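Hi everyone, thanks for making time this morning.

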Amino acid sequence: MFRCKAFHLAKIYWFKWAKKNITCVQHYKTGQKSTGGRLLSAYQPMSMEKERPSMLISGIGGTFGVLESHAEFLKKHFNLITMKELQKSKELHEKITSVFVLECLPVIDQELLEILPNLKVIGNSGVGVNHLNLKLISSFGVKVTNTPHAVSDSTADIGMALMLASARRLVEGCYLATSPDTTHFAVNWLGVEVSRATLGIIGMGNIGYKVAKRAKAFDMKILYHNRNRRKEEEEQEVGAVYCKNIDDVLRQSDFVMLVVNLTSETHNLIGKRELELMKPTATLINICRGAVVDQDALVEALQNKVIKAAALDVTYPEPLPRDHLLLQMKNVIITPHIGTATDQALRMMTEEAVENILAVLNNLPVPSEVISK
Ligand SMILES: O=C(O)[C@H](O)CO
């Protein structure tokens, strides 16, 4: 009770301070200008008189591992240091106060934490943090932040795209249309409609809820399971029915979409038993993490027609070995973890990560801190 009140007072004080000290900010999504918005610093280049804080940056490809345009944005606020530069110069170790981690790269280990004595925050650009050892990181007094808002639209879109593509056999159709053999062209070609079908969403966080909003527009019946039930008005807004027991979602759905965080509780959440509960006409769609599904059990279920199809943006490992059975099945669609692979999402993820990191470095309330349990 006391902690709640204290937090509330701190929030009021912070907003008062922000209103007085920040003249103009731009909302990271709408571009709208306002005074004292939620995301304060993302658009505020640090004053050039001050030395920019040094940030270790780690991603894939390019000089900084992120797109040039995003690196340019980061450079407005930070002095960027690459892993290679860090390895070459011991002097840099003391300077680094933050690390920017691109999506799910497993780059933070004990050795790295030990050589960065002034590290305060690891800003993950992406929502999933299963690649970070939260307990180890917090034992070094370092905070972890993520970007749950920036990723939700693009990932929900991929969920819908996979569901529609699987239902209407888009990938098979594409091969057929481009094949030199035209004799099979659209003969015996039947898909299923998603309209009025039942979609079961497992994991109703930001992304799951955005999926539900989209599915509502397709007149789908929506069931969901989540650790915490959503508010009644939120359920009503998308017409989603809560199932306390995950088995009820599995039994009744035509499409089951997985949108949970990968934790020790959700590892292999969908195994042989769960697949056997699903309808033989059902499709499993996974847009969260590969390890949420027991992949051997999935292969078996698809081979034995226990379920009809699978559409996966994530697998375990990524990419799958080229001879993996999942890659050879006609009733499986696989995309290479592209839930957040849009220019807009990456830009917003970078901005949201910067916002979090600057908040930690300036001792301000952190918009999206990940607390290790
Ligand atoms: O976690 C996320 O945000 C995406 O899956 C990218 O890794």
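Across the interface of domain 1 and domain 2, three residue pairs are in polar contact, both residues at pLDDT 80 or more; that term means a pair of N or O atoms within 3.5 Å, where within protein one must be able to donate a hydrogen and the other to accept it, and residues adjacent in sequence count only if both atoms are side-chain atoms. On the side of domain 1 that touches domain 2 we have five nonpolar residues, four polar and no charged (nonpolar is Ala, Val, Leu, Ile, Met, Phe, Trp, Tyr, Cys and Pro; charged is Asp, Glu, Lys and Arg; the others, Gly among them, are polar).

A quick word on the ground rules. This is a predicted model, so local features need pLDDT of at least 70 and side-chain atom pairs 80 or more, while totals for chains, interfaces and linings use all residues. Numbering runs from 1 along each chain as its sequence is written, and side-chain values use heavy atoms, leaving out hydrogens and water.

Where do the domains lie in the chain? Domain 1 covers 52-150 + 342-370, and domain 2 covers 152-179 + 190-334, with bounds from an automatic or database domain assignment. Their centres, over C-alpha atoms, are 31 Å apart.

Nine residues of domain 1 contact six of domain 2 (heavy atoms within 4.5 Å). Between them the domains bury about 630 Å², 43% of it on carbon and sulfur atoms; that is accessible area, 1.4 Å probe, lost on putting the two parts together, summed over both.
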